[in-house]
Structures are given as structure tokens and as C-alpha cells.
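This report describes a single protein chain, from its overall dimensions down to selected residues. The sequence and the coordinates come first, and the discussion follows.

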Amino acid sequence: MNKSIPKRTPIAAAALAAIFLGGCASSSHDDINTLPAGIAGAIAEKAYDGTTDDLLTGGLGKTGLMGAAPAYAVPATPTASELRRNAIYNNYRALVDYTAAGGMGVLYGPNIDLNGGNTLGEGKIAGREYIATADDGTGQQNVTLMVQVPDSFDAKKPCIVTATSSGSRGVYGAIGTAGEWGLKRGCAVAYTDKGSGNGLHDLTSGAVMARDGTMLTAATAAGKAVFQSAAAASDVAAFNTATPNRVAYKHAHSQQNPEKDWGKNTLDAVRLAFYVLNERFGTATASDANKKIRTIIPGNTLVIASSVSNGGGAALAAAEQDTEGLIDGVAVSEPNAQPGANTGLTIQQGAANVATHSKPLIDYFTYANVYQPCAALSAQANQGLSAAFWPAAYTTSAQNRCTALAAKGLLTGATLAEQADAALAKLNSYGWQAETNFFHQSHFRFATNSIVVTYVNTYGRFSVTDSVCGFSMANTTAIGDVAAQVPATQAGLFASGNGVPPAGGVDPVYDRSAGGAKLDFLAVSPTSNTADFALDGALCMRSLVTGKDEATGAALTGTLKAQSDRVIAGVNAVQLTAKLRSKPTIIVAGRSDTLLPINHTARAYFGKNQLTDSASDAAKVRYIEVTNAQHFDTFIAFGALLGYDTKAVPLHPYLNQALNAMWSHLNSGAALPVSQVVRTTARATSATALSATNVPAIATAPASGDQIVMTGTTLKVPD
């Protein structure tokens with residue numbers, strides 16, 4: 001049931017009883033505001049005036065967010081407030097196209113109000129920020145939770161929006177997406193880094209990162225670190241001797257498989273939001289002025305679960321797991337939604353059935369990691385990255401990858417061109433849309449292998465000392481050799497890192513490279529003695545996911561079999577049900593999403609929901625697919641260097657529209673938009689500015705030829 005206007009009174013049962021008792025503040029134990037279970041230590045609270053500093057922009061305003069990165073007064077020892085400011089700057093820009101030509105400050109941004117008007121000036125938002133840590137008592141989870149309460153929050157009409165971090169980012173990872181929308185709406189925003197946030201442990205120096213971003217020493221951190229490797233000291237010492245100057249990262253090496261708890265973490269953030277709101281706005285009890293009666297409760301508070309990418313998947317997981325009725329509606333974009341077994345579903349685009357869909361994330365990523373660099377050489381892909389991102393040595397490695405795959409019988413074709421076309425055809429038959437072909441080269445360059453290394457490690461709950469398939473993480477030199485950490489760079493990692501190397505100077509390294517450990521992209525095969533992007537390592541990673549040798553099909557044995565069993569168990573633990581507990585939901589995705597291809601994520605999840613949820617519940621779920629939109633809006637800002645600006649439009653405006661639609665639905669009963677394809681137009685040239693005509697609104701009454709429908713067990717998506 002929607003929390004409609006008649007229900008939205010902030011008077012809790014105990015307070016109502018007090019009115020009938022003549023104002024005597026009597027309450028039951030259940031009505032006393034209590035700290036949610038699992039919160040470890042104190043909650044940090046800080047007020048921001050909205051002028052010198054603020055909740056949304058870190059004091060930078062719209063102009064500062066669009067400008068150069070702010071400098072630290074002393075780069076070797078940035079302050080916690082400087083790190084917060086720069087974390088907001090970097091995380092905001094990482095999720096949107098931050099250029100005026102791409103729409104920032106014109107179609108979206110801190111200065112743009114919820115109706116699309118340029119009325120908010122620099123967009124700074126005053127309010128209070130609360131930060132806490134959730135843990136299971138082991139001291140190993142250390143999930144960061146944060147609640148921002150804008151001064152515009154109205155305790156008589158309370159609302160909460162979740163903004164779980166995308167990717168593996170720190171707690172500010174969704175501030176520019178769901179966070180911004182919630183703050184503008186006057187809602188409290190509940191954030192979490194979902195236990196996979198940006199946390200480094202330098203195994204050589206012992207440096208670790210505190211919750212506020214400043215650096216600590218592992219020996220004296222006393223549970224205050226975002227992450228500290230649980231590996232035994234003797235194992236670390238041996239590891240450092242064999243492979244010096246390596247680091248551990250939280251998402252990869254926490255041995256927690258945090259993804260299994262992303263829904264719980266999101267719900268924990270909502271619970272913390274209710275707690276801090278009642279501490280601030282609740283009524284004091286007569287017996288103890290320090291105790292508050294809960295007056296802001298789920299029954300009178302509108303709660304929307306939102307975010308993008310991994311954060312969007314976490315919002316869906318939270319909705320599936322919400323047995324308390326905390327969440328009223330869901331609006332997510334490009335979600336990492338793994339629907340699990342989905343054999344009953346057929347996906348059809350136009351007249352053609354999709355050959356492969358609903359694979360787990362690490363399945364399709366390890367597949368891409370094998371074939372993507374060769375496919376990027378196909379004339380049908382032809383992205384042609386700038387030499388600044390793709391030097392000639394990488395082209396040589398890609399060519400060698402094609403040759404090696406053909407030699408192993410994994411590709412057909414006698415010529416390089418035929419092999420590249422065959423590799424691309426494999427990707428297309430494995431679930432990637434033809435619309436994604438242009439983007440494969442840049443995705444391999446910036447994302448694929450690093451995500452494979454991180455997620456195989458996390459699903460298998462491996463320690464950094466396990467060196468799975470020969471991969472580690474370290475700083476590297478210009479020629480790819482391992483180098484020591486740079487303390488000044490490390491000091492700013494809270495702000496500059498994204499939780500998945502390459503980030504903040506840390507890169508994936510292939511330790512089994514001929515001649516010694518090398519940056520994965522410059523690794524030399526120990527069998528062929530050619531540079532091939534560490535193909536042996538890629539095939540090893542693939543085998544741990546499938547349980548068999550990719551080239552021969554033989555079942556794994558020994559250590560590889562044991563490691564594979566661990567990985568597969570971890571993958572199974574994170575699959576979703578697609579049953580959303582009768583919560584109205586809008587899922588937005590880009591048809592050209594190459595990172596999280598929609599046939600494995602948004603389409604697959606929506607299709608499973610329509611098949612497996614009750615008819616009445618499935619009728620409340622909508623799917624919006626946007627043409628020419630892909631996963632990384634920020635890549636559009638790179639212009640001709642990447643070529644996205646004339647191939648892609650931003651998806652971010654459609655998340656804002658989905659949130660507006662969900663707000664109207666929950667508040668006034670407005671109809672949700674029909675599931676549909678939104679047809680956009682990319683900019684003609686790099687010099688052309690994006691306008692509203694390029695990104696038309698989600699239609700309230702789309703043409704029949706644009707509607708997405710379920711017919712029996714088939715999800716039909718128009719071309």
C-alpha cells in the first residue's frame with residue numbers, strides 16, 4: 001500500500017496516547033528511539049552552513065564541480081575536510097558528464113531544480129551529516145553508513161531516499177545521482193558504501209585508511225580502519241618477500257563477499273536514517289530528556305530506494321528483503337541486477353530472440369575478458385581510442401590475443417580481421433547488443449580485467465596472499481614494473497580511488513609474466529613469450545567461474561577445482577529473486593550498456609519479475625530502455641579522446657525522471673509510466689551542445705511501437 005496523504009501524520013502511537021492522557025508523555029519501550037543493531041562506535045555529526053561548505057557539493061558549488069580539482073594545502077597530509085571535499089568532487093564527476101556541452105548546468109546539476117529549471121544558483125545545500133559504522137562484531141565488515149538531512153527537511157512530511165554507492169566507491173559514491181535528487185526534494189538521504197567501499201591496506205608500510213579518509217597504521221588502527229587484511233602476519237611476511245610492494249583492497253580481499261549483504265546494508269542505512277531523524281525531531285520522554293519517542297516511523301514516512309549500477313542492484317535487493325515495510329517504492333538506473341536462474345524467459349528484440357541472457361556478472365565479465373581485446377580490432381567495432389589511452393603496444397597485444405585464441409581453437413579465421421570479427425560475434429551471441437560494439441575497446445581498457453580480478457577474489461573470499469591466478473595489485477612504472485607506493489598519492493586515495501584498481505596509482509599486476517611481474521596490460525605470456533594482455537591469467541579466471549578449462553572443456557582438478565568451488569558458491573550467494581514485495585518500481589537502463597549488458601541485467605531482471613512475481617505485484621514494475629545510452633556518462637565528457645560524445649547520450653536525466661515519477665505516484669497516486677523504449681539522438685559533432693531534443697522525456701502514453709510488453713513467457717522489446 002502506498003503511504004498516501006491520509007497516512008502521513010508524524011504522530012506515533014505513544015504520542016497520540018499522550019494527547020488523550022492530557023499531555024502526559026507516556027510511552028512503551030517499543031516507542032523509544034534506540035540505536036539500530038550493529039552500529040559500532042559513535043555516530044559522527046556535523047552541520048554544514050550551505051555557504052562555506054554543504055552537503056551536496058562539498059562547498060564547491062556547481063561552478064567548482066565543473067572546474068579543476070581543488071588542491072590540498074599540504075598534499076602529503078590532506079585534512080579530513082579536504083578529503084571529503086575532493087571525494088565529493090571526484091565521485092560527483094565520476095557519475096555524470098560534467099561538461100556544459102554534455103548537459104551539466106543546463107539539463108541537470110546542482111543548479112537545476114526538480115522541474116528542470118535553472119533556479120538553484122550554485123546548488124549548495126545546508127544541513128547535517130551523520131556518519132556511522134556497521135559491523136557484525138568481527139571488526140572485518142566495517143560498513144560505512146551516512147545520513148544527510150537537509151535543512152529543508154519537513155518533519156511533518158518526512159521522506160527518505162537511499163543512495164547506496166555505485167561500483168566499489170566510498171560512501172559519497174552516489175551523491176551526484178540519487179543523493180542529489182533526494183536532497184533537492186528535502187528528504188533525508190541514506191547512504192552506504194555497502195562494505196565494498198574504497199579501502200586500501202598497504203602491506204609493506206602497514207598503512208590503512210580511516211573512515212574520514214586520513215591514513216592510519218594497521219598496528220594501531222584498533223578497528224577504526226575502513227579495511228584491514230585479515231591475513232596472518234606470517235602469511236603477509238612471506239607474501240611481501242615473494243611479491244614486494246603489493247596492496248590489498250577491501251572489495252577484492254575482505255574475505256566477506258560483501259555483495260551478499262548489499263540489500264541488508266541499504267536497509268541498515270534506512271534504519272540509521274530513522275534513528276537520527278527521531279533523535280533530532282522526536283519528542284523527549286518525561287522521564288529522560290535524552291530519550292526520544294519515535295514520531296518519524298515507516299508508517300508516516302515516504303521511502304524511495306534508489307541509486308545506479310551496483311547501488312541500483314542493492315536497492316532492488318533491499319526491496320526484495322524488506323520484511324519490515326521500510327521501503328515504499330524503487331527507482332533505479334543501470335542496476336547490477338543478477339536474476340539467477342531464468343530459463344523460463346525468452347527475450348526478443350524486434351523479431352529476433354536473444355541467444356544468451358541472465359548470466360551472472362562474473363560469468364559474462366570473464367567471457368569478455370577473454371574475447372573483448374580481440375573483438376575491439378574488428379572493423380565493426382572501430383572505436384579507435386586516442387594514443388593517450390591506447391598506445392601502439394596495446395594494439396600489438398590485442399593482435400597477439402587474437403592469434404593466441406585462434407591457436408587454442410577458441411576462434412575461427414585465418415586472418416586477423418576474420419579472428420577479430422569472430423571474437424565480436426562471440427560477444428554478440430553471448431548477450432551484448434550490437435549497439436554496444438563501438439564501446440568494447442574502452443571498456444576493456446578501463447574496466448573489464450580489473451573487475452574480473454576484484455570479483456573472482458571477492459566471490460571466492462580469497463585473501464590477498466592467495467594470489468589467485470597470478471594476479472596482485474600494486475603501483476607500476478611507465479614500463480609496467482612493480483613500484484613502491486607513493487605516500488603523497490596514497491594520502492589522497494580516499495578522494496581519488498574508486499575501490500577497484502586501476503585507481504589512485506594502484507594497478508592490477510600479472511605476477512606470472514615472463515621476465516617478472518608486470519602491469520596486466522604489458523604482461524608477456526610465459527608460454528608464447530608475446531605480450532597478450534595476460535591471456536593465461538584471463539583463461540584461469542574464466543575457468544574458476546565455469547569449473548572447466550576454457551580451451552579443452554576438461555573439468556578442473558586439485559587447487560583450481562577447490563578455488564572454483566569457492567567462487568561458484570559466492571556467485572550463488574548474490575543472485576536475486578526479482579520478487580519485489582508489491583513495491584512500485586521503475587528500472588531504467590541504456591540499450592548500449594557494455595559494462596552491464598541489459599540482456600543479463602535490467603531486461604533479464606524485469607522479465608523474471610514479470611514471470612515469477614504475482615500478477616498484481618508484477619503490474620507495479622516498469623522497465624524503461626533508453627537508446628544511445630550506456631553505463632558511463634562521465635566518458636561522454638572526454639569528447640574526441642573516447643568518441644562517446646557523438647555516440648551516446650547521458651542516462652542520468654532518466655534516473656531523475658524516474659524518481660520524479662515515483663514521487664508523484666507515491667504522493668498523489670499518479671500513474672507510473674508504461675514500460676517503453678525511449679528513442680534519443682546523439683549529438684552530431686563534438687562541438688554540438690546537448691539539448692532537450694536529444695533526450696526526450698519518458699512518455700506518459702508511448703506509441704504502441706515503443707512499448708515493452710510481456711507476451712506469455714517472452715519479453716518483447718521493440719527495435
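Does Ala222 count as buried or exposed? Ala222 counts as exposed, because its relative accessibility is 69%, where buried means under 20% relative accessible area, exposed over 50%, and partly exposed in between (1.4 Å probe, protein chains only).

## Basis of the model

This is a predicted model, in which local features need pLDDT of at least 70 and side-chain atom pairs count only at pLDDT 80 or more, while totals for chains, interfaces and linings use all residues. Residues are numbered from 1 along each chain as its sequence is written, and side-chain values use heavy atoms, with hydrogens and water left out.

## Confidence

The pLDDT (the predictor's confidence in each residue, from 0 to 100) averages 94 over the protein chain, and 96% of the residues score at least 70. Strand β5 (residues 188-192) has the highest confidence, at 99, and helix α1 (residues 13-20) the lowest, at a mean of 33.

Over residues 1-27, pLDDT stays under 50. For this stretch the model has 48 contacts beyond four places in sequence, a contact being defined as heavy atoms within 4.5 Å.

## Overall architecture

The protein chain holds 20 helices and 24 strands. These elements are DSSP runs numbered from the N terminus, with helices (H or I) of at least four residues and strands (E) of at least two. The C-alpha trace spans about 90 × 65 × 50 Å along its principal axes.

Of the contacts with a separation of 6 or more, 75% involve residues 24 or more positions apart.

## Surface and charge

Of the 719 residues in the protein chain, 61% are buried. The chain exposes about 24,500 Å², and carbon and sulfur atoms supply 55% of this area. Accessible areas come from the Shrake-Rupley method with a 1.4 Å probe, and for residues only the protein chains shown count as cover.

The chain carries 51 positive and 52 negative charges, whose mean positions are 3 Å apart. Lys and Arg count as positive and Asp and Glu as negative, whereas His and the chain ends are not counted. Each charge is placed at NZ of Lys, CZ of Arg, CG of Asp or CD of Glu.

## Backbone features

Ala222 has a positive phi of about 50 degrees although it is not a glycine. Its location is the loop between β8 (215-217) and α5 (233-242). Asn382, also a residue other than glycine, has a positive phi near 55 degrees. Asn382 is found in the loop between α9 (361-375) and α10 (392-407) and is exposed, with a relative accessible area of 56%.

The peptide bond from Pro501 to Pro502 is cis, with omega near 10 degrees. Pro502 belongs to the loop between α14 (493-496) and β18 (506-510).

## Buried alanines

Ala423 lies in helix α11 (residues 416-429) and counts as buried, because its relative accessibility is 0%. Not counting residues up to four places away in sequence, Ala423 touches Tyr371, Cys374, Ala375 and Leu411. Its C-alpha atom is separated by 20 Å from that of Thr530, which is 107 residues away along the chain.

Ala523 is placed in the loop between β19 (518-519) and α15 (535-546), and it too counts as buried, at 0% relative accessibility. Apart from neighbours within four places in sequence, the contacts of Ala523 include Tyr510, Ser513, Lys518, Thr530 and Ala534.

Gln141 sits in the loop between β2 (127-134) and β3 (143-150) and is buried, with a relative accessible area of 16%. Beyond its neighbours within four places in sequence, Gln141 is in contact with Ala134, Asp135, Asp136, Lys250, Gln256 and Asp261.

Arg591 lies in the loop between β20 (585-590) and α17 (602-612) and is buried, at a relative accessible area of 4%. Arg591 and Gly413 are 178 residues apart in sequence, and their C-alpha atoms are 29 Å apart in space.
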